Amino acid sequence: MSLAKRLPAKPTPLYPLMRFLGIAFLYIIGFLILLVATFAVFGVAPNKALFALQQGALGGGPISPAYAISETLVRATPLLLTGLSIVVAWQTGMFSIGGDGQLLMGALTATVLAQLQHVVNPNLLIFLMLVCGTLVGALWGAIAGWLRVKRNVQEVISTIMLNYIALYLVGAAVVGPLQESSHSNPESNLLPDKLLFAHILPPSWSGGITTRLHSGVLLAFLAVPIVWLYLYRTLQGFQLRIVGQNPEAARAAGISVNQTRVRAMAISGALCGLAGVIQLLGTSERLSANFSPGWGYTAIPVALVGGLHPIGTLLSALFFGALEAGSVNAEQTLQVPASLIAIVQAAAVLAIIGVNAWRQRYPTELKD
Amino acid sequence: MSIVAGVLLGTLAETTPLLYTALGETVAQRSGVINVGLEGILLTSAFTASLATYHIGNPYIGVGIGLLTGIVFALLFGFFALVLHADQVVTGVVFNLFALGITGTLYRFLFALHDKSLITAQLPLLHHTVTILTPLSLPAVVFVWWWLYSTRSGLELRACGEQPLAADAAGISVRKTRAVALIFDGAMAGIAGAFLSVADSNTFVPNMSAGKGFIALAIVTAGRWNPIGCLVASLLFGFTNSLQFQAQTLGFDTLYRHMAATLHLTVFLHRLNLDHFPYQLFLALPYVVTMLILFGSSRSTRAPAALGRPYRKE
């Protein structure tokens, strides 16, 4: 708090930014200390491990920066879109944890459409996949929203069940109608190149290795300003946030709370559906029984660390993406299991949750 | 062993951990706390139970350690949910991620890296694959029923889940009541976790709970926050989960193909690569049924009114 007290007492335009940077700085320092301590506990040399993390995320040593940064961006992409989906739902007071199911439904829809590859123009088909995947994701989210407003079913529970239904639908599809031609693995055929997103970095930038950075990443980053504009510069976004903060007041002001909640869940589902299609066309290139490693769940810490704000979520998705790229490198070079970094990540998020809850409980005079 | 016996034993093995976990969660949710971190408790206590049995050699002590682990975990959750008033769903989700990371890492550092295998003693088998934990789950159902509906503390607990303000005004400590419910929740999930690693198998595998904690949440809802309902719903989920292993031997597939032939769909289904019935649809069935129950249920059997809402004493 002493840091915050030295800042200007009167809120100037720069005050929120300074405050945010100050807090972010403290969190990063805390995170690094936690990371080093965990490495030390498990007998991994902290300096080597940190180096491996940095090389995997940002480049250096044998890894070219272009390659490392593209890995970071590619890994941040699904987290960014699912994180934004959490932002929209939670700002409306809907505690959805259905990101995984919505994402899988998006990817499933796109894979079904991909069967039309010999009939439809590839560019049109990519467009159709993006649109339909997004719509089906929206539908999957809207079901939970509708159950909440019509039947008072907690969205936490209905989204979990929708996750499993989606998971088993994908599971049935990849051993059934969508299975690859040899009928031996639970996965679909690799999509043809004409349906995939283009790799946008020239290989010469990264010493001849093709990077995985694809045009879908740009699409995902484009979602950040759109979600921001929607939430903070449109009437619907305003209604959404009011419903989240105080549904009674919203109702008194004549806002249709039910409609707003279903709408928020649909938008939230749409973002996850889009994430599924982008992941399919950009990185995974085929649907499989274990398509998602749990992006829909990791999205929750991503959105929380980002302060449930689109811009914050962008930064935190990049941070989580960098950490993932770094820990993959650390696992390959030093045999440091990626789960070790997952512990630190979860512990850090728990600390943030605890600190935030504490600050809400004992507000200081500086709390805005 | 006949097929029917196989399905029955499979159902018991699948139902037991789900039932324990769901019973604990029913009590917690009735007191107004939703613990989404069940998956993490299952995983952590499966690991500690296995580890304790590995070092001590007695699986009963393993179950005890699993139970204690569940309680510790629940108390930690309770600190966030009841003392800090952090959001319960958020905390639960992050606890799951934490448990997945820590059990995976410890398993790797203690065993996989040294090429050691975590094979332990197993609880004695009473009959084929059934251990003492399975029959003990029935008195647990009765106990929860008795506690919730026939004791003063059960009444107080349900009051905290419906009207915490009124309960507080009547002199009940909402926080203490909810803490007791959470401890029970953790203990039950701890037993279920230990069941996975020292009763149903003799080893720990990373991520061995495989979503059972989330299934338990669905069971609590499908069972309408009622221990008897929990028993029925656990059996339904356990039965369908066990069917997937037996689907082929049961002749279900033959029936499926026979029906396809009668309906002249064989060629069509073959073209769709659906010669065999995709058993994943079995697995999705209980979730669809739960959704239908939720959809069809009237508002008289709804969730506890204060579920998931922190109670702040003014």
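Tutor: Here is a quick tour, starting with the ground rules. This is a predicted model, where local features need pLDDT of at least 70, side-chain atom pairs count only at pLDDT 80 or more, and totals for chains, interfaces and linings use all residues. Residues are numbered from 1 along each chain as its sequence is written, while chains are lettered from A and ligands numbered from 1 in the order in which they are written.

Student: What does the secondary structure of chain B come to?

Tutor: Chain B has 13 helices and two strands. Helices (H or I, at least four residues) and strands (E, at least two) are DSSP runs, numbered from the N terminus.

Student: Why is chain B as compact as a globular protein of that length?

Tutor: Its radius of gyration is 21 Å, close to the 20 Å that the globule rule gives for 314 residues, so chain B is as compact as a globular protein of that length. The radius is taken over C-alpha atoms, and the rule is 2.2 Å times the number of residues to the power 0.38.

Student: How many residues of chain B are in contact with chain A?

Tutor: 42 residues of chain B are in contact with 42 residues of chain A. Contact means that the C-beta atoms of two residues, placed from the backbone, lie within 7 Å.

Student: Which helix gives the most to that side of chain B?

Tutor: H4(B), with 14 residues.

Student: And how do the residues on that side divide?

Tutor: Into 30 nonpolar, nine polar and three charged. Ala, Val, Leu, Ile, Met, Phe, Trp, Tyr, Cys and Pro count as nonpolar, Asp, Glu, Lys and Arg as charged, and the others, Gly among them, as polar.

Student: New topic. At what angle do H6(B) and H8(B) cross?

Tutor: Their axes cross at roughly 110 degrees and come within 10 Å. Axes are lines fitted to C-alpha atoms, for helices over the stretch in contact, and angles run from 0 to 180 degrees between N-to-C directions. The two helices are therefore roughly perpendicular to each other (65 to 115 degrees).

Student: Which residues meet there?

Tutor: Glu156(B), Leu157(B) and Cys160(B) in H6(B) meet Val174(B), Thr177(B), Arg178(B) and Ala181(B) in H8(B).

Student: Over to chain A. How many residues of H11(A) are buried?

Tutor: 23 of its 28 residues are buried. Buried means 20 or more other C-beta atoms within 10 Å of a residue's own, all placed from the backbone.

Student: What follows H11(A)?

Tutor: Glu285(A), whose phi is positive, near 65 degrees.

Note on methods: Angles under 35 degrees count as roughly parallel, over 145 as roughly antiparallel, 65 to 115 as roughly perpendicular and the rest as oblique. A residue is buried if 20 or more other C-beta atoms lie within 10 Å of its own, exposed if 12 or fewer, and partly exposed in between; C-beta atoms are placed from the backbone.
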